[in-house]
Amino acid sequence: MSPQSKSRKKKQGKAPGRRPQQQSPYGALLESAAALRSESWLLADAWASELYATLWLAGSGHSPMIEALAAMDEPAALTALRALSGVGDEETRAAAAAAAETVAARGVAEPSWYVPGAALEFREAFLVTNLLGDVEVVAITQERASARETVLFMRQPVLGATAIELFATPDEGTTALLEDMIASTPEAFRDLITPLSAAEAFDRVWPDVEQFWEDGPDEEAEEGLIGSEDVRHPIQLIALADARVSALVTDDHEIPVFSPERTDEVVEAFLVSEHGIADVEAARAFARIVASAAVEQNRDPVVYGPASLTAVLILNVAARLHVSDADLALLPDIVRAWAYFTADARNLPRDEARAAWDEELPTVLAEFSEAYADPELAAERDGQFR
């Protein structure tokens with residue numbers, strides 16, 4: 001006789017009824033994982049990455065979930081574990097993979113897309129930028145189980161990754177994907193696609209991955225997980241990015257760093273250029289601030305655009321340094337001279353680059369002025385411009 005069919009003594013004042021069944025906390029997860037079983041590895045990775053992001057945003061660890069899935073004899077649980085073993089850092093991938101092997105050993109059916117032993121193999125990578133180099137797209141294509149997949153990193157120097165996208169690579173290759181992107185936004189990017197080696201791609205985007213994990217989700221992260229096509233946030237695919245980018249190099253790879261001597265080189269080059277600043281010492285002080293800030297961020301000091309220059313002006317000047325009224329009056333001319341110098345140092349089309357800077361500089365200077373007038377930032381300043 002089942003527990004439900006046994007007779008029970010009625011309790012006074014209680015209407016007879018059946019005891020509610022306890023709901024599994026992983027019911028919704030298993031339902032969504034079940035829908036992935038006949039899809040693709042690419043979709044499974046994207047699903048797992050967003051799941052990790054949801055847990056991270058909620059402040060929940062992934063270990064209890066992996067342990068719970070490992071105890072289930074459910075095809076959906078194995079699907080979830082196979083997907084989870086492809087994203088996140090090495091330790092979490094290994095934990096999910098071990099749990100998946102435990103479930104599979106009990107005879108649970110694998111998802112249709114899973115191929116034992118399949119690993120990511122680098123195929124190609126490319127760089128696309130806007131004219132001033134302040135907006136970058138790094139495309140990394142890898143192959144696994146005969147399927148090629150491309151991760152696009154939209155990033156800005158100083159600010160890091162602003163969005164991450166995942167695509168099935170078109171038959172024509174990665175360049176076709178980038179050509180479509182450039183054609184769809186003709187004023188956003190240069191019509192120039194630069195090949196990158198696996199190590200060069202790693203060097204460019206791995207610091208963004210580390211910075212994201214270190215800084216944690218910002219106020220827009222939760223909105224980025226809602227699923228709106230109008231909201232793209234790197235938190236959605238940051239766990240996937242971690243796995244894909246770390247696979248590009250060996251464990252002993254070291255990212256090359258700019259020497260502090262590069263600061264002196266660029267400052268002197270700026271001072272001998274046609275900067276047109278009468279107060280050379282003010283020009284020197286400014287150049288040293290922005291050049292050293294770039295080197296500290298492991299960027300070449302001549303690679304500046306409106307967004308990166310605005311960020312450094314706010315973070316390294318407005319929030320740290322007292323600037324005299326006389327020097328504040330000089331800053332617009334100094335900033336313009338520096339902007340022109342960086343474009344010339346990179347051999348950008350002179351007239352086009354200067355026109356682009358002229359369009360952006362009023363906004364750059366306005367945002368700096370607003371930040372410098374902020375009482376909270378003023379209270380933090382403990383240094384002098386010169």
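## What covers helix 6

Strand 1 (121-129), strand 2 (136-144), strand 3 (147-156) and strand 4 (160-168) are among the elements that cover the buried residues of helix 6. Keep in mind as you look around that this is a predicted model.

Which residues of helix 6 are buried? In this helix, which spans residues 174-184, they are Thr174, Ala176, Leu177, Leu178, Met181 and Ile182. A general rule is handy here: an α-helix has 3.6 residues a turn, so residues three or four places apart point the same way.

Let's turn to one of the covering strands. Is strand 2 enclosed or open? Nine of its nine residues are buried, so strand 2 is largely enclosed by the rest of the structure. In a regular strand, side chains alternate between the two faces of the sheet. Here both faces are covered: one side has Glu136, Val138, Ile140, Gln142 and Arg144, while the other has Val137, Ala139, Thr141 and Glu143, and all of these are buried.

Strand 2 pairs with strand 1 in an antiparallel way, through eight bridges. Within this pairing, Ile140 of strand 2 stands opposite Ala125. The two strands form a hairpin with six residues between them, and Gly133 in the turn has a positive phi of about 75°.

Strand 2 also pairs with strand 3, again antiparallel, over nine bridges. Here Glu143 has Arg148 of strand 3 as its bridge partner. This hairpin has two residues between its strands, and Ala145 in the turn has a positive phi of about 50°.

Now look at helix 3 (residues 63-70) and helix 4 (residues 75-84). Their axes are 9 Å apart, and they pack at an angle of about 140°. That angle makes helix 3 oblique to helix 4, and the crossing is left-handed.

Which residues make the contact? Helix 3 brings Met65, Ile66, Leu69 and Ala70, and helix 4 brings Ala77, Ala80, Leu81 and Leu84. Sorted by class, this contact has eight nonpolar residues, with no polar and no charged ones.

## Two asparagines in loops

Finally, find Asn298 in the loop between helix 11 (280-296) and helix 12 (306-318). Asn298 is not a glycine, yet its phi is positive, at about 60°. With 29% relative accessibility, Asn298 counts as partly exposed.

Asn347 sits in the loop between helix 13 (325-345) and helix 14 (350-372). Asn347 also has a positive phi of about 60° without being a glycine. Is Asn347 buried or exposed? Its relative accessible area is 69%, so Asn347 is exposed.

Notes:
Residues numbered from 1 in each chain as written. Predicted model: local features only at pLDDT ≥ 70, side-chain atom pairs only at ≥ 80, totals over all residues. Heavy atoms only, no water. Buried < 20%, exposed > 50% of the residue type's maximum accessible area, 1.4 Å probe, protein only. Helix = DSSP H or I, 4+ residues; strand = E, 2+ residues; numbered from the N terminus. Contact = heavy atoms within 4.5 Å. Axes fitted to C-alpha atoms, helices over the stretch in contact; angles between N-to-C directions. Parallel < 35°, antiparallel > 145°, perpendicular 65-115°, else oblique. Left-handed = near helix turned anticlockwise from the far one by under 90°. Nonpolar A, V, L, I, M, F, W, Y, C, P; charged D, E, K, R; others polar. Pairing = 2+ DSSP bridges.
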